[in-house]
Amino acid sequence: MAGRQGHFHRFLAAGGLTNLGDGVATLAWTWLATQLTRDPFLISLMPVALRLPWFLFAIPAGLVTDRVSRKKLLLTMDVARGLAFALAAAAIWQALPLAEPPEDGVAEVGLFVTLALCAAAIGLAEVFRDTAAQTVLPSLVDPDRLESANARFSAVEILGNTLLGPAVGAFLIAAALPLPFLLNAAAYLAATVLVAGVGIHQRRAAGPRRHWRHEFTEAAGFLIRQPTLRLLAIFTGVFNGLHQMVVVGLVLFAQEVLGLGAGAYGLVLSAGASGGLVAGLVAAPLIARFGGARLAQLSSAVIALAFLAVPFAGGGVGVAACLMVFSFLGLLWDTVSISYRQRAVPDEMRGRVNALYRMASWGMMPVGLAVSGIVVDLGERIVPREVALTLPFLVAGGGVAVMTLLAWRGIGRGFSRPPGVSSA
């Protein structure tokens with residue numbers, strides 16, 4: 001037991017390092033894009049490059065995850081991400097000092113293209129890495145501890161991705177633009193050292209290896225026949241797209257409406273993320289006390305209100321409070337849904353089913369990012385830019401509210417049944 005617990009803690013620590021890097025990048029990529037252009041649509045292309053691989057390569061990632069050593073896949077992808085961040089840092093360093101960003105077009109076209117390509121490569125590696133990582137966790141803990149383990153991983157993700165990461169990224173990018181990317185390179189390479197010491201076991205399908213089409217069909221059929229998993233994939237996909245509208249819209253809103261600099265913006269993101277850190281400590285007992293169904297329903301309903309409240313929050317402190325509510329409830333939702341999925345899917349096809357699920361759920365992220373820029377651009381033709389910059393929050397909040405109403409009964413019934421039990 002002690003040995004297994006030690007492997008879990010090493011895996012958790014590696015996840016903490018990579019999530020710290022992701023948190024630094026959350027601010028650094030988009031903020032750097034605003035130093036090259038002020039066009040909302042062009043700014044959104046940078047995070048789109050990070051997220052588009054989830055739509056294009058999720059299925060191949062799932063097939064590969066079930067066919068190869070998941071440990072070797074984790075190590076390879078973390079090394080690839082570290083090298084891509086190092087290349088991005090070198091490209092930025094070479095281009096300094098940057099020219100003044102124009103309202104239309106890009107100041108440094110070569111740098112913008114290079115960074116977009118690096119972001120796409122990092123996003124591609126993330127697809128394979130995260131697909132493998134989520135299939136590994138159930139082999140490191142007992143089945144009755146999945147909620148607790150997922151809550152801890154989510155808390156570590158919140159701590160690095162949205163609490164410490166943005167603040168560290170803001171400090172580094174204010175000091176020198178390449179520094180956040182250099183830190184990320186070091187974080188991902190350090191994570192490979194930790195994962196190398198983790199004993200990861202996986203169950204392979206019995207019999208000879210089949211053609212990938214048969215394996216894909218098997219996983220797709222499984223997902224389609226599970227009504228709760230199917231609903232979760234659709235719901236999470238639409239939600240993630242709407243959430244990304246808020247993510248990219250918040251940068252220009254903070255700069256132009258709230259008048260925040262990089263340091264203050266990072267502190268707003270970090271303060272908002274503290275809600276998720278608290279949720280990571282209490283998620284498991286809350287789920288045991290109130291049930292996953294009720295918590296999932298209420299979480300999505302209140303998240304809609306939090307998105308709608310951002311334009312009316314009055315300043316950085318109010319926005320941080322809205323983000324705090326979102327991060328607390330978002331972590332509860334993630335803990336319930338991920339634990340359900342891990343129990344419902346057999347280990348030998350977990351990579352493929354997770355990939356299909358995440359293609360639907362994460363594949364909508366680049367759509368939301370692009371739509372956010374389009375909404376602002378179209379809004380400026382009708383209302384002042386300051387008002388147009390609030391539209392992504394209103395669209396996202398309204399969309400989550402409608403989606404919650406449509407899925408309310410299905411979520412309640414689905415999480416109230418054990419995994420694998422179909423509705424009558």
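A salt bridge here means a side-chain nitrogen of Lys or Arg within 4 Å of a carboxyl oxygen of Asp or Glu. Side chains of opposite charge can pair when their charged atoms come close. Searching the whole structure turns up 6 salt bridges.

Before we go on, note that this is a predicted model, where local features need pLDDT of at least 70, side-chain atom pairs count only at pLDDT 80 or more, and totals for chains, interfaces and linings use all residues. Residues are numbered from 1 along each chain as its sequence is written, and side-chain values use heavy atoms, with hydrogens and water left out.

Let's start with E256. It pairs with R38, and their closest N and O atoms sit 3.4 Å apart. E256 lies in helix α8 (residues 227-257), while R38 is in the loop between α1 (2-34) and α2 (40-67), 218 residues apart. (Helices are DSSP runs of H or I, at least four residues, numbered from the N terminus.) E256 is partly exposed at 34% relative accessibility, whereas R38 is buried at 16%; buried means under 20% relative accessible area, exposed over 50%, and partly exposed in between, using a 1.4 Å probe and protein chains only.

E256 has another partner, R385, with the closest N and O atoms 2.6 Å apart. R385 belongs to helix α14 (residues 385-388), 129 residues away from E256. Shared partners join R38, E256, E380 and R385 into one network.

Now look at R352 and E218, whose closest N and O atoms are 2.8 Å apart. R352 is buried at 4%, and E218 is partly exposed at 30%.

Notes. Helices (H or I, at least four residues) and strands (E, at least two) are DSSP runs, numbered from the N terminus.
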